[in-house]
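Please have the sequence and structure open.

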Amino acid sequence: MRLIRRRAYASDHLNRLATLFREARRPIVFTGAGVSTESGIPDFRSPGGVWARFDPREFTYQNFVGSLEGRRRYWQLGRATYPLIRAASPNAAHRALAELHRLGRLDCCITQNIDDLHQRAGLPAAAVIELHGNATRARCLTCELPYSRDELHAWLEDGQRRARAADLFVVLGSSLVVYPAAYLPIHAKRAGAALVIVNLEPTPLDGEADLVLRARATEVMAHVLDHVRAGLAEKG
Ligand code: NAD
C-alpha cells in the first residue's frame, strides 16, 4: 500500500493513478460525499459535517416509515441539507469524471451521493449508478414509489456486476463505513481490480488498497484528466 499525505504527496503517485486510468480497460469510480464537499455540500463524517448537528441513529428507513416524528426529523435534516444541494454546482472532480467517460476512459460511476452533480456535470444518467437514490426527486409515501422494486434491485445488481468486471476501481471521497455500499470496493478487489482510495482521512479499507491518496478529489481528478488527455493526444 502506498500512502500519500495531503500537501506533501509526491507527484509520482498521482502519475501512477493517471497511468492506471490510461491503461485500464474498465475503470470504475465509486464516489461518496467527499467528492461534493468542494461544491459546498458538507459530508457526514468530516469534522463539522452534518452528523455534528444530527444523530445518525435517528435517520433510519424504519424510523422514517414508522412514525410521524421520524418523518418530521428527516424533513428537518432536509431543510438543512437540501438548500445546499440545490445551490451547488459540479466541481472539477465531477467534470473530470464526465470528461473521462466522454473520452472512453470511464466505464461508469457508482455513487452513494444523492445530489445529482455527476449528471449535471455531463455524465449520462446511464453511466451513474445511484445506490442511495436522488434527493432531487421525492414522492409522498401514500402515493406510488418513483421506481418499482424490480427497477431498484436491477440498479443494485448492475452496480455489483460492473464492480466485479472492473480492472480499476477508484474510491473518491468516501469514508467507506456505510454498508452494503462499502462492499463494492471489496468485490471489485477480489475479482481482480486494482483498488485506489482517494480520501482526506483513513478508511477501514486502506489496507486492502493498491494505492491510497490522502488528497482532494478535485486536484487528483484534474491531474488524471490532464494525463489521459495528453496520452490520447500522443496517440493522435
Ligand atoms: P462520509 O461523510 O462518511 O465520508 C466522506 C469522506 O470524504 C470523509 O472520510 C472525508 O475525509 C472525505 N473527504 C471530504 N472532502 C474530500 C475531498 N475534497 N476530497 C477527498 N476526500 C474528501 O460520506 P460517505 O462515505 O459518502 O457515506 C455517507 C452517506 O451520506 C452516503 O450514503 C451518502 O449518500 C450520504 N451523503 C451524501 C451527500 C451528497 O449527496 N453530496 C452528502 C452527505 C452525505
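## A polar residue in a loop

Asn-91 sits in the loop that links helix H3 (68–87) to H4. This is a predicted model. Asn-91 has a relative accessible area of 7%. That is under 20%, so Asn-91 counts as buried.

The side chain of Asn-91 makes a polar contact of 3.2 Å with the side chain of Ser-39. The Asn-91 side chain also reaches the backbone nitrogen of Ala-93, at 2.7 Å. Beyond four places in sequence, Asn-91 touches Val-35, Ser-36, Glu-38, Ser-39 and Thr-218.

## Helix H1

H1 has 13 residues. From first C-alpha to last, H1 reaches 18 Å, close to the 18 Å expected at 1.5 Å a residue.

His-13, Leu-14, Leu-17, Ala-18 and Phe-21 of H1 are buried. Seen down the axis of H1, its buried residues fall within an arc of 145°, so they line one face of the helix.

## The nonpolar cores

The largest nonpolar core has 32 residues. Leu-17, Phe-21, Val-220, Met-221 and Val-224 touch the most other members. Elements that each supply at least two residues include helix H1 (11–23), strand S5 (168–172) and helix H8 (217–235). H8 gives the largest share, six residues. Domain 1 (27–135) and domain 2 (165–235) both contribute, so this core lies between them.

Val-220 touches Leu-14, Leu-17, Val-198, Leu-213 and Ala-215, leaving out residues up to four places away in sequence. A second, separate core holds 22 residues, among them Cys-108, Ile-129, Leu-184 and Ile-186.

Notes
Residues are numbered from 1 along each chain as its sequence is written. This is a predicted model: local features need pLDDT of at least 70, side-chain atom pairs count only at pLDDT 80 or more; totals for chains, interfaces and linings use all residues. Side-chain values use heavy atoms; hydrogens and water are left out. A nonpolar core is a set of buried Ala, Val, Leu, Ile, Met, Phe, Trp, Tyr and Cys residues joined through side-chain atoms within 4.5 Å. Buried means under 20% relative accessible area, exposed over 50%, partly exposed in between (1.4 Å probe, protein chains only). Helices (H or I, at least four residues) and strands (E, at least two) are DSSP runs, numbered from the N terminus. Domain bounds come from an automatic or database domain assignment. Contact means heavy atoms within 4.5 Å. The expected span of a helix is 1.5 Å times one less than its number of residues. The arc is that of the directions from the helix axis to the C-beta atoms. A polar contact is a pair of N or O atoms within 3.5 Å; within protein, one must be able to donate a hydrogen and the other to accept it, and residues adjacent in sequence count only if both atoms are side-chain atoms.
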